[in-house]
Amino acid sequence: MTGLGAEDDIPLGERKTVTDFCYLLDKSKQLFNGLRDLPQYGHKQWQSYFGRTFDVYTKLWKFQQQHRQVLDNRYGLKRWQIGEVASKIGQLYYHYYLRTSETSYLNEAFSFYSAIRQRSYYYQVNKEDRPELVVKKLRYYARYIVVCLLLNKNDLVTVLVKELSEEIEDYTQRFNTEDQLEWNLVLQEVAAFVEADPVIVLNDDNSVVVMSNRLQEGGVPQLEQGMVVGQLALADALIVGNCNSQVKFSELTIDMFRMLQALEREPVNLSAQTNKPGTLEPSEKPAKRENPHKYLLYKPTFSQLYTFLSASFKELPANSVLLVYLSATGVFPTSRSDYEGPYEYGGVLTNTNRDVVNGETVQKRNQAQKEMHCLHPGDLFPFTRKPLFVIVDSSNSTAYKNFSNLFGQPLVCLLSPTVYPKSILENILEIISN
């Protein structure tokens, strides 16, 4: 404890306030650090732990609000410490969104991140000679930008990127650290990410319309006469990004970013529904508007991908569909075979530590052997025991052309084109030439 007088001079009530705050702070850090040890797959194993973590952080946040003066005088509470608590609550909501696919929790993360910036919780950090505190601020900006991208707050993203650029420049000038190149790479990645989605729609008054790929109320096409609805529901989705040299930010490629939004409904503001801004418990969900559960896998290894596939398959509810979206570099067969089987046409690349030269994986194996870091069509056959929807976005999508339905369950396999149609290619060349 820090104070103006000796500890014995501190009133008992104020001393208890500081002790209780320290306990909540330590407990919150322990629970937060424990989140990384939770299994990334499965629907229920982690829920009780998240609930306990939310509970402690809610108590901590309310406690520092109710006893701010005592904590300022007796504990020496700094504004950046309040910002750090708010930032971790924002991270909790963001990761709860990733776990549940419920977009409303993105708004909750945004509300905390926005409050940090509006109340300048990290403002004094730049005046302290502690580079680790500045890094906390930079990481906060990077997380805030991700949430804003997912909420299509493009104007705010532009402002935040500018502020982050200024913060990084100040950081690199003041401290001779080894992570300067890493932070400059972060700036390059987010700039490329924003530029990669350049579609702009204007109103009649030339004002920009923010386009969203998410489902909106009343925006779903009407069913044709005679069509039956409700027999199958999309319950789980694996979204895989493993393309060489693809635009990405924070382990989210542009393809993954677009696909995950296409599987979600527009967010609602839970705080507005409950009149409890920033203190919502994760168990309080809007009534019956759940999105399909999703796993976002950035450059997974074959074993990681198969583990997540198996977990989704195991927990898939009755009358439900599993969707697998593969955006990955194509792996082509190195030799011809008279046998035309599900492992003879190659597939899509899974992660490997081997070197990549000019976008092509260096081959260091016998040419007659199959590529072991590859997801072949045959690797997905066991999962056709339940309804399966496969989308392959790859230069070798044709490897999945003859995808076999061995068990008679509903099966859809959509393949991306491997070459541009002539008309589109001509338009592209015309745009480039102009």
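A: Two strands pair if DSSP finds at least two bridges between them, and both helices (H or I, at least four residues) and strands (E, at least two) are DSSP runs numbered from the N terminus. This is a predicted model, in which local features need pLDDT of at least 70 and side-chain atom pairs count only at pLDDT 80 or more, while totals for chains, interfaces and linings use all residues. Residues are numbered from 1 along each chain as its sequence is written, and side-chain values use heavy atoms, with hydrogens and water left out.

Q: With that in mind, in which sense do strand 3 and strand 4 pair, and over how many bridges?
A: Strand 3 and strand 4 (residues 293-298) pair in the parallel sense over 6 bridges, and within this pairing Ile239 has Leu296 in strand 4 as its bridge partner. Strand 3 also pairs with strand 5 (residues 320-328), again in the parallel sense, over 9 bridges, where Leu234 has Val321 as its bridge partner.

Q: Is strand 3 mostly covered or uncovered?
A: Here we need a cut-off: buried means under 20% relative accessible area, exposed over 50%, and partly exposed in between, found with a 1.4 Å probe and with protein chains only. Strand 3 is mostly covered, since 8 of its 10 residues are buried. Ala233, which lies in strand 3, counts as partly exposed at 41% relative accessibility. Not counting residues up to four places away in sequence, Ala233 touches Asn319, Ser320 and Val321, where contact means heavy atoms within 4.5 Å. Ala233 and Pro317 stand 84 residues apart in sequence, and their C-alpha atoms are 9.3 Å apart in space.

Q: What is the order of the open sheet of 3 strands?
A: The order is 6-7-10, with antiparallel pairing. Strand 6 (330-331) and strand 10 (374-375) stand at the edges with a single partner strand each, so one side of each has no neighbour in the sheet. Strand 7 (residues 347-349) pairs with strand 10 in the antiparallel sense over 2 bridges, and Leu349 stands opposite Cys374 in strand 10.

Q: How should I read a helix, and which residues of helix 8 are buried?
A: An α-helix has 3.6 residues a turn, so residues three or four places apart point the same way. In helix 8, the buried residues are Trp183, Val186, Leu187, Glu189, Val190 and Phe193. They cover an arc of only 160 degrees around the axis, which puts them on the same side of helix 8; the arc is that of the directions from the helix axis to the C-beta atoms. The face turned away from this buried side carries the exposed residues Leu181, Gln188 and Glu195, whereas the buried residues of helix 8 pack against helix 6, helix 7 (154-174) and helix 9.

Q: How far does helix 8 reach from its first C-alpha to its last?
A: The expected span of a helix is 1.5 Å times one less than its number of residues. Helix 8 (residues 180-195), with 16 residues, reaches 23 Å, which is close to the expected 22 Å. Helix 4 is largely enclosed by the rest of the structure, because 19 of its 22 residues are buried.

Q: Which residues have the most contacts inside the largest nonpolar core?
A: In soluble globular proteins, nonpolar side chains tend to be buried together. A nonpolar core is a set of buried Ala, Val, Leu, Ile, Met, Phe, Trp, Tyr and Cys residues joined through side-chain atoms within 4.5 Å. The largest core here has 81 residues, and those with the most contacts inside it are Ile145, Leu150 and Phe249. Helix 6 (residues 131-150) gives the most to this core, with 14 residues. A second, separate core of 25 residues includes Leu238, Ala328, Phe383 and Phe403.

Q: Where does Ser101 lie, and is it buried or exposed?
A: Ser101 lies in the loop between helix 4 (79-100) and helix 5 (104-118), and it is buried, with a relative accessible area of 1%. Although it is not a glycine, Ser101 has a positive phi of about 70 degrees. Glu251, also not a glycine, has a positive phi of about 55 degrees; Glu251 lies in the loop between strand 3 (233-242) and helix 9 (254-262) and counts as exposed, at 53% relative accessibility.
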